[in-house]
Amino acid sequence: GSAGVRKGCHLDLLCHTRYNNVTMDKIISEALELVADGVLKIMPDGSVIRMKQMHTGANGNNLWYTCKPRKAGFVSKSGRGYLCFTWKTKTGEKRYIRLHRLVYAWFHGDIPDGYEIHHDGNNKLDNRPDKLVLVTHKQNMKMAADDGLYKSVVGSNNPCARINESMVEEICKFLSAEKTAVDTARKLGISIHIVYNITNGKTWQHLECVKNLKYLGYYYKRY
């Protein structure tokens, strides 16, 4: 049955509690209303079926109309492998949700503050109710690390990385030779902020050459 309106916010792995400045608590509640209104239908296996689609009426209002039932959800890079769903409210506000949150709320109820949803088996597309487990943030992070889910985002595999491991080693060589961060960036043709992030202990902390910089006292040193 329906879980009703949720009372607590939560984080899933690598996720924010707000979207377009709207709390996830509110988004979950609005998504549950879509189920109650027959827009979405949640199946026993956790799959979500879209029963209606939105059109703009003659008076300019956004209205839901019955459509051919089809599976709801899509997988995007920004969704980090989870099934996601977007829709617009009747006032035209855009909403975004990862469907496993909706499925958990529908079958299991509210998610207490400080707790998150873990996929048992690590298949992010498997939203069966018995595969969605309530855990603390610390437990979720440990499970992810133990299961190797961080490997794909470490170093040059991280989609935000602007340099690779070889470049980091070159940076470390320059700094170890008592070159300033400014000189290092200029010589290698990179942003000074990349060097500062390394010397300030913010990035590439898993590499031995960077650990050696810390030993040499380069961290938190301004150049």
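1. Helix α2 is mostly covered, with eight of its 10 residues buried. The buried positions of α2 are L99, H100, R101, L102, V103, Y104, A105 and W106. Just after α2, G109 adopts a positive phi of about 100°. The structure under discussion is a predicted model, and the remarks below should be read accordingly.

2. As to the overall make-up, the protein chain contains seven helices and 10 strands. Of its 223 residues, 38% are buried. Among the contacts in the protein chain with a separation of 6 or more, 46% are made by residues 24 or more positions apart. The chain exposes about 12900 Å², of which carbon and sulfur atoms supply 51%.

3. An open sheet is formed by three strands in the order β6-β7-β8, with antiparallel pairing. Its edge strands are β6 (74-75) and β8 (94-98), each of which pairs on one side only. In general, the strands of a sheet pair through backbone hydrogen bonds, either parallel or antiparallel.

4. The two pairings may be described separately. Strands β6 and β7 run antiparallel and are joined by two bridges; F74 has C84 in β7 as its bridge partner. Strand β7 (residues 83-88) is joined to β8 by five bridges, again in an antiparallel arrangement. Here W87 has R95 in β8 as its bridge partner, and T86 stands opposite Y96 in β8. The hairpin of β7 and β8 has five residues between the strands, and in this hairpin G92 takes a positive phi near 90°.

5. Which helices pack against these strands? Helix α1 (residues 24-36) lies across β7 and β8 and runs at about 90° to β8. Helix α2 (residues 99-108) also packs on the sheet, where it touches β7 and β8; the direction of α2 makes about 75° with that of β8.

6. The largest nonpolar core comprises 27 residues, and the members with the most contacts inside it are L40, F85, W87, I97 and L102. At least two residues of this core come from each of α1, β3 (40-42), β4 (48-56), β7 and α2. The greatest contribution is that of α1, which gives seven residues.

7. What does I97 touch beyond its neighbours within four places in sequence? The contacts of I97 are I27, I28, A31, L83, C84, F85, W87 and L102. Of these, F85, W87 and L102 are listed, together with I97, among the core residues with the most contacts.

8. H119 belongs to strand β9 (residues 115-119). Is this residue buried or exposed? H119 has a relative accessible area of 5%, which is under the 20% limit, and therefore counts as buried. A polar atom of the H119 side chain lies 3.4 Å from the backbone oxygen of K124. Residues up to four places away in sequence not being counted, H119 touches Y82, H100, K124, D126, N127, K131 and L132. One of these, H100, is itself a buried residue of α2.

9. A181 is located in helix α5 (residues 181-188). The relative accessible area of A181 is 0%, so the residue is classed as buried. The C-alpha atoms of A181 and I198 are separated by 9.8 Å, the two residues being 17 residues apart along the chain.

10. T199 is located in helix α6 (residues 192-199). With a relative accessible area of 0%, T199 is buried. The side chain of T199 reaches the backbone oxygen of Y196 at 3.1 Å.

Technical notes: Residues are numbered from 1 along each chain as its sequence is written. This is a predicted model: local features need pLDDT of at least 70, side-chain atom pairs count only at pLDDT 80 or more; totals for chains, interfaces and linings use all residues. Side-chain values use heavy atoms; hydrogens and water are left out. Helices (H or I, at least four residues) and strands (E, at least two) are DSSP runs, numbered from the N terminus. Buried means under 20% relative accessible area, exposed over 50%, partly exposed in between (1.4 Å probe, protein chains only). Contact means heavy atoms within 4.5 Å. Accessible areas come from the Shrake-Rupley method with a 1.4 Å probe; for residues, only the protein chains shown count as cover. Two strands pair if DSSP finds at least two bridges between them. Axes are lines fitted to C-alpha atoms, for helices over the stretch in contact, and angles run from 0 to 180 degrees between N-to-C directions. A nonpolar core is a set of buried Ala, Val, Leu, Ile, Met, Phe, Trp, Tyr and Cys residues joined through side-chain atoms within 4.5 Å. A polar contact is a pair of N or O atoms within 3.5 Å; within protein, one must be able to donate a hydrogen and the other to accept it, and residues adjacent in sequence count only if both atoms are side-chain atoms.
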